[in-house]
Amino acid sequence: MSSTAMASVSAWPEPMDVPVSMRAMVFRRFGPPDVLEEAVLDTPLPGPGEVLVQVAAVGIGRLLDLTARAGRHPYAHFQLPHVLGADHAGVVAALGEGVDSVKVGDRVAVFPVVTCGSCANCADGREEACAGLSLVGTHRPGAYAQFCAVPSRNVHPVPGGIPPAMAASLALVGPVAANQLAQAGLRPGHWVLVQGAASALGSTTAALARYLGARIIATSRSPEKRRILTAAGAEVVLDATAPDFAERVREATGGHGADIAIDNLGDPAVWDGTLDALARGGTVVTSGAFLGGKVQVDLLRLYSNCHRILGVRTGNAEAVKALWTQAEHGFRAVVDRAFPIARAADAHRYLEDDNNVGRVALSLGPQDWDA
Ligand SMILES: NC(=O)c1ccc[n+]([C@@H]2O[C@H](COP(=O)([O-])OP(=O)(O)OC[C@H]3O[C@@H](n4cnc5c(N)ncnc54)[C@H](OP(=O)(O)O)[C@@H]3O)[C@@H](O)[C@H]2O)c1
Ligand SMILES: [Zn+2]
């Protein structure tokens, strides 16, 4: 694991002629990582308003990939065989009818959250609250494949100097982080507590908050990951499961507490500590709860301290734009490493064993199918 290691094992591929069939990594039954197997599928055709992306790299997520493959996804239903793969990057290979926002050969990153674009929430710029929201790699075939067809609205050009694994790693967690911090009202100088700051999303939220001028309190259960988080620039690094956690936050912030606390883990065992560590007027933001998420809230404490608890489903168009503007100015996600697609099962095991600091990606260059 490494907080700074750039997984640039895959280069941007040369655009290829679109074949009628393609290589893909699928699962035909739910189960352990070994259920992932290679298959030959029809290459998708981009429909009207869609872009066909020749995939170069794809991120692996805790919920969207590991939980889904294991058959424990809390809300989605899968038709098997299924192709996983949400946030990805690649080269535009073909355009559906009516698309002129990109051209064949462009390097793009794909924000995998597909929304209707016309409901009241979408019209308000709150696409994350769209009732018709669906996800690439969950509700439609994903990017563990040579090609993936996605709406052109979900495709963003990648600025120069960003390799595919980094572009894929910025593509989803970047906009989620940007949306979390914007909705919480981040200002330079704020203390931002990030629970699970070694996770793919947490590490990028911490990096973005720091990039925007915040002071970071990062947590991990692992001493080795805490060492890496300190080296990566977190000012205060703690174990949130320690009994004196909230006191340590108060102490480190001169009695103030955290202005913003990010909790994408939903671990009931650390929830009280998060609230105890919050400053008066502070905000807790959550965009995930894979550790259960059923917690108790003391409303007396909530209102008397003017605390807010915000659910932020995911990123939205404005956050995607903001994120890529930051990326043009030099902001980067935290990438742990990239595995070749042939070793997708090893990559799932690596993540399942909690080894990562940052995003784990798969690379899909021509050589990566037989590595
Ligand atoms: N809303 C969205 O669009 C979106 C997008 C991406 C992710 N998410 C959410 O963000 C959360 C993290 O996902 P991710 O892919 O970033 O995760 P990840 O990289 O797999 O990291 C998970 C982290 O959970 C921490 N953890 C704490 N207690 C744990 C336990 N008992 N078992 C296992 N891990 C434990 C681990 O931290 P330590 O080992 O350092 O303690 C680990 O770093 C999930 O809830 C996911 O659904 C949401
Ligand atoms: Zn909508």
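Predicted model: local features only at pLDDT ≥ 70, side-chain atom pairs only at ≥ 80, totals over all residues.

Modeller: Residues are numbered from 1 along each chain as its sequence is written, while chains are lettered from A and ligands numbered from 1 in the order in which they are written.

Colleague: Between which domains does ligand 1 lie?

Modeller: The domain bounds come from an automatic or database domain assignment. Both domains give residues to the shell around ligand 1, so the ligand lies between domain 1 (21-172 + 316-369) and domain 2 (176-311).

Colleague: Are H4 and H10 roughly parallel or roughly perpendicular?

Modeller: Their axes, lines fitted to C-alpha atoms over the stretch in contact, are compared by the angle between N-to-C directions, from 0 to 180 degrees. The axes of H4 and helix H10 (residues 317-328) come within 8 Å and cross at roughly 105 degrees. Angles under 35 degrees count as roughly parallel, over 145 as roughly antiparallel, 65 to 115 as roughly perpendicular and the rest as oblique. H4 and H10 are therefore roughly perpendicular.

Colleague: Is valine 158 buried or exposed?

Modeller: Valine 158 lies in the loop between strand E9 (155-157) and helix H3 (164-171), helices (H or I, at least four residues) and strands (E, at least two) being DSSP runs numbered from the N terminus. A residue is buried if 20 or more other C-beta atoms, placed from the backbone, lie within 10 Å of its own, exposed if 12 or fewer, and partly exposed in between. Valine 158 has 26 other C-beta atoms within 10 Å, so the residue is buried.
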